[in-house]
Amino acid sequence: MSTVHSPSTGTTVSPTDHGHAVAVGGRAPRSSRQVAEFLSTYVFSKDHKVIGLQFLFSTLLWFLIGGLLALAVRWQIAWPWSQVPVLGKLFAQEGGQMAPEFYTMLFTMHATVMIFLVIIPILAGAFGNFLIPLMIGADDMAFPTLNMLSYWFMWPAFLCFGASFFVEGGAASGGWTSYPPLSTNVAASPGSGMGQTLWLLGLTFVGVSSMLGSVNYMTTIILMRAPGMTMFRLPMTIWAMFITAVLQAFALPVLTAAGFMQLSDRMLGTGFFNPEGNVVNNLLTSTGGGHPILWQHLFWFYSHPAVYIMILPAMGMVSDILTVFARKPLFGYRPMVYSIAGIAGLGFIVWGHHMFVSGMNPALGITFMVSTMMIALPSAVKTFNWLGTLWGGKIQFTTAMLFAVSFVSMFIIGGLSGIFMAATPVDIFIHDTYFIVAHFHYVLFAGTAMGVWAGIYYWFPKMFGRLMNEFWGKVHFFLTFVFLNGTFFTMHILGAVGFPRRLADAYHYETFHHLQPLNAFMTWCAIGMVATQIIFAVNFVWSMFYGPVAGRNPWNANTLEWTAPSPPGHGNFDFQPIVHRGPYEYSVPGCEKDHLMQTDPPDARAAALASAH
Amino acid sequence: MGNRLAGIFWSLLFLAVPVLGVATFVVGPLYDIWLPKDVSVHGRSIDSLFYFILVLTGVVFVVTEVLLFWFLWKYDAARPNPVAAFIHGSHTLEVVWTIIPAATLLFLSIYQMNTWADVKMRRPRIPPTVEVVARQFEWRLRYPGRDGELGTPDDLFLVNDLHVPVDEEVLVQLKSMDVLHSFFLPNLRIKQDAVPGMKTPVWFKATEVGQYDIVCAELCGWGHYKMKGRITVDTREDYERWLEEIEARQEATQPEPVAEVAGQ
């Protein structure tokens with residue numbers, strides 16, 4: 001694909017005309033100058049699109065690793081102490097059966113990989129980078145070098161987390177929340193040794209990367225919008241990215257500080273999180289005077305807003321995709337923007353709902369319950385507006401649309417199940433059971449991951465100039481949708497029994513002994529779900545090279561990225577985009593084509609409306 | 001444009017979500033995959049709140065999911081002569097669907113407060129029935145003995161085998177020796193983290209004689225899964241008889257408890 005023919009403009013666009021386009025089929029470098037050029041073009045690139053794709057490829061690979069870790073976890077839950085296929089070779093001495101400390105490490109690293117190396121970087125890093133300049137009509141980010149660094153700071157994190165599997169004692173095994181004193185005392189658990197130190201370092205590098213990105217996104221969105229692009233003409237994707245960047249900028253420093261405090265507890269002998277005279281595994285902690293709950297406050301002060309960092313961008317992308325394939329303006333644009341802002345604002349005062357039974361003052365629990373109940377409100381408003389967007393539309397069932405609709409359908413479940421946990425008395429029973437596991441998988445997998453797939457199918461033509469295969473896309477959607485509900489919906493009733501999370505084997509309890517068959521069913525669904533992703537991987541790679549050529553605007557969408565060539569060259573636009581209207585003018589009455597792009601001249605709409613009357 | 005059959009297929013798939021969703025919650029209890037038997041006074045009010053939220057969210061779930069299905073079904077572009085409405089929103093609707101959920105959610109949180117206060121804030125004014133000290137990976141128990149005071153020479157020590165009297169207020173003093181644990185009694189709807197450096201009071205009133213599980217619900221290391229205890233709810237007479245038995249057994253193995261105290 002050295003040239004891309006663009007049917008909508010009738011011109012032939014060569015990647016070389018626009019400097020470096022997207023790295024597909026680059027020629028092998030010969031001389032050292034070519035090597036340098038290759039490195040600066042494809043490796044240490046400062047082009048936001050290349051950086052976005054670097055984030056995309058890296059996070060998709062980690063997505064695979066995180067998924068396989070989940071399968072190993074599910075295997076142990078369904079058939080505890082049985083011989084593990086493939087992985088069993090690692091523990092040949094134990095007859096192929098998994099040790100409990102290995103299981104503990106698996107779920108810790110599954111969550112860590114999925115949250116810090118997949119969801120956060122794929123939303124902000126991959127989609128944020130690729131889409132922000134294109135959708136606001138800028139030629140690149142405000143700080144291209146910072147942007148490059150934000151990707152390359154992920155690599156030390158990849159190395160820290162990756163290497164931790166191979167150090168003595170294995171990777172971190174204190175849960176992704178790393179509650180002390182389990183995580184601060186080397187004697188407490190095999191994974192609390194070098195693995196935990198590397199975990200904390202990896203976390204810090206992810207934090208640095210996110211911070212560099214968030215500063216860049218805020219500056220770019222505020223300062224580099226195309227002429228005519230007012231804040232209230234921004235597509236929802238950009239609003240969501242903007243507010244996410246604000247959340248990151250304000251919440252992350254707390255986590256970074258807390259991470260360093262835990263590192264210094266571990267390595268310098270301080271006692272921020274260790275109480276006086278604590279004896280772990282028959283070893284007296286040398287320092288004390290701290291408090292384990294302090295960590296929980298600091299950790300959740302970041303990690304609760306982080307939950308919204310992990311869903312708001314997906315909400316933005318889904319809002320845009322729904323309008324395109326419903327051929328209808330977004331229902332309630334301003335309420336949608338205000339509710340994202342509301343979620344972000346309230347997101348800073350709800351962290352205590354993770355700590356209702358932690359020993360925190362129960363009176364404080366009441367205030368956190370009220371704020372947590374209230375954060376359901378903007379989410380409800382968003383859901384009603386998505387339904388309003390579909391109502392009266394002209395719905396096209398493309399793969400991207402199916403994933404976007406399923407985001408709405410699944411987010412309803414994830415949102416409603418949250419209310420159970422927000423209610424403090426009910427939370428006493430379902431806290432740390434599979435009910436919460438169901439809840440956050442509905443938000444993060446059935447919500448965010450489905451939103452990410454919607455985004456990939458939708459923007460793939462802009463990224464690579466080619467469309468993905470729709471038939472196999474729909475097969476991928478159907479199977480993922482069915483298997484994900486088989487895996488996660490059943491977790492609700494498992495949680496209703498009180499089935500606790502993070503137990504290597506719970507069937508020796510009288511209360512839970514009859515739950516193995518249900519768990520086996522869920523594991524089969526999980527295996528199906530991961531296997532289905534082979535279809536996606538093949539479709540993705542095949543379409544990059546052999547998919548039908550897309551042209552500039554294959555979906556007849558309105559936003560600015562669709563006025564640029566596919567894929568856009570260096571500098572993005574071959575003309576200066578000037579914005580005349582909001583992003584959602586679909587099915588304008590009397591208009592010849594059923595959409596008015598943001599760049600269409602102003603008289604187009606006036607003429608359309610005049611002829612309608 | 002497009003195929004009407006495809007639209008029918010995909011809308012029905014989304015209709016399957018509320019149908020199978022509700023079915024799961026109906027079939028689960030048939031196979032005993034549901035709230036475990038409740039044997040406490042607090043448990044009754046916690047369960048009724050659970051059912052209240054279940055009904056409320058269940059209705060919202062079914063209504064919104066069916067609407068979603070209906071819109072996909074009805075507004076399929078493959079229907080003849082599709083026309084999309086050119087509507088940017090409705091101020092009235094926004095106000096309605098902001099105020100109604102806001103009022104409902106506020107009511108819901110106020111409605112919870114009394115139960116929460118009963119379970120976690122209105123501590124009974126009685127001396128501790130037993131001290132539970134969590135440790136990797138066991139529950140160490142300490143009964144006050146005849147003098148009714150903890151920390152005296154006649155204290156009784158046990159591991160993982162908790163006995164309490166039925167129909168009486170029980171106050172547990174919860175502590176941890178090493179890392180975080182969580183004292184989880186599924187049948188009594190009790191869960192409380194044990195935090196090293198803290199003494200956390202936990203209270204309940206069991207309503208039925210029997211044996212139930214004690215589960216650790218906060219990750220505490222590799223042996224977390226096996227940190228299992230047992231709570232036996234006895235009648236007053238059985239409870240006293242059991243205490244005497246324990247006392248007798250302890251005296252037999254500890255001939256001179258007084259000397260130990262003198263050495264401290």
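**A strand and its partners**

Modeller: In this predicted model, strand β6 of chain B (residues 181-185) and strand β7 of chain B (residues 190-194) pair in the antiparallel sense, over five bridges. Two of the facing pairs can be named. Phe184(B) stands opposite Lys191(B) in β7(B), and Leu185(B) stands opposite Ile190(B).

How are the side chains of β6(B) arranged? His181(B), Phe183(B) and Leu185(B) point one way from the strand, while Ser182(B) and Phe184(B) point the other way. Residues on both faces are buried. Because five of the five residues of β6(B) are buried, the strand is largely enclosed by the rest of the structure. Buried means here that 20 or more other C-beta atoms lie within 10 Å of the residue's own.

Next, the sheet. β6(B) belongs to an open sheet of five strands in chain B, in the order β4-β10-β9-β6-β7, with mixed pairing. β4(B) (161-165) and β7(B) stand at the edges with a single partner strand each, so one side of each has no neighbour in the sheet. On average, neighbouring strands of the sheet are turned by 25° against each other, direction ignored. Towards the β4(B) end of the order, helix α4 of chain B (residues 236-253) lies across β4(B) and β10(B) (229-234). The helix runs at about 140° to β4(B).

Now the wider assembly. Between the two chains, 95 residues of chain A are in contact with 83 residues of chain B. On the chain A side, the elements that give two or more residues include α3 (100-136), α8 (292-309), α11 (362-390) and α12 (399-422). α11(A) gives the most, with 16 residues. By class, this side of chain A has 62 nonpolar, 24 polar and nine charged residues.

One residue of chain A shows contacts to both chains. Gly393(A) is found in the loop between α11 and α12 of chain A. Leaving aside residues up to four places away in sequence, Gly393(A) touches Ala326(A), Arg327(A) and Lys328(A), together with Tyr75(B) and Ala84(B). Gly393(A) has 29 other C-beta atoms within 10 Å, so it counts as buried.

The largest nonpolar core has 262 residues. Among those with the most contacts inside it are Ile136(A), Val318(A), Phe403(A) and Ala454(A). α3(A) gives the most to this core, with 25 residues. The core also draws at least three residues from each of domain 1 (4-79) and domain 2 (130-254) of chain B. As for Ala454(A), again not counting residues up to four places away in sequence, the residues it touches are Met317(A), Val318(A), Ile321(A), Ala400(A), Phe403(A), Ala404(A) and Phe407(A).

Terms used
Residues numbered from 1 in each chain as written. Chains lettered and ligands numbered in written order. Predicted model: local features only at pLDDT ≥ 70, side-chain atom pairs only at ≥ 80, totals over all residues. Buried ≥ 20, exposed ≤ 12 C-beta atoms within 10 Å, placed from the backbone. Helix = DSSP H or I, 4+ residues; strand = E, 2+ residues; numbered from the N terminus. Pairing = 2+ DSSP bridges. Contact = placed C-beta atoms within 7 Å. Nonpolar A, V, L, I, M, F, W, Y, C, P; charged D, E, K, R; others polar. Core = buried A, V, L, I, M, F, W, Y, C linked by C-beta atoms within 7 Å. Domains from an automatic or database assignment. Axes fitted to C-alpha atoms, helices over the stretch in contact; angles between N-to-C directions.
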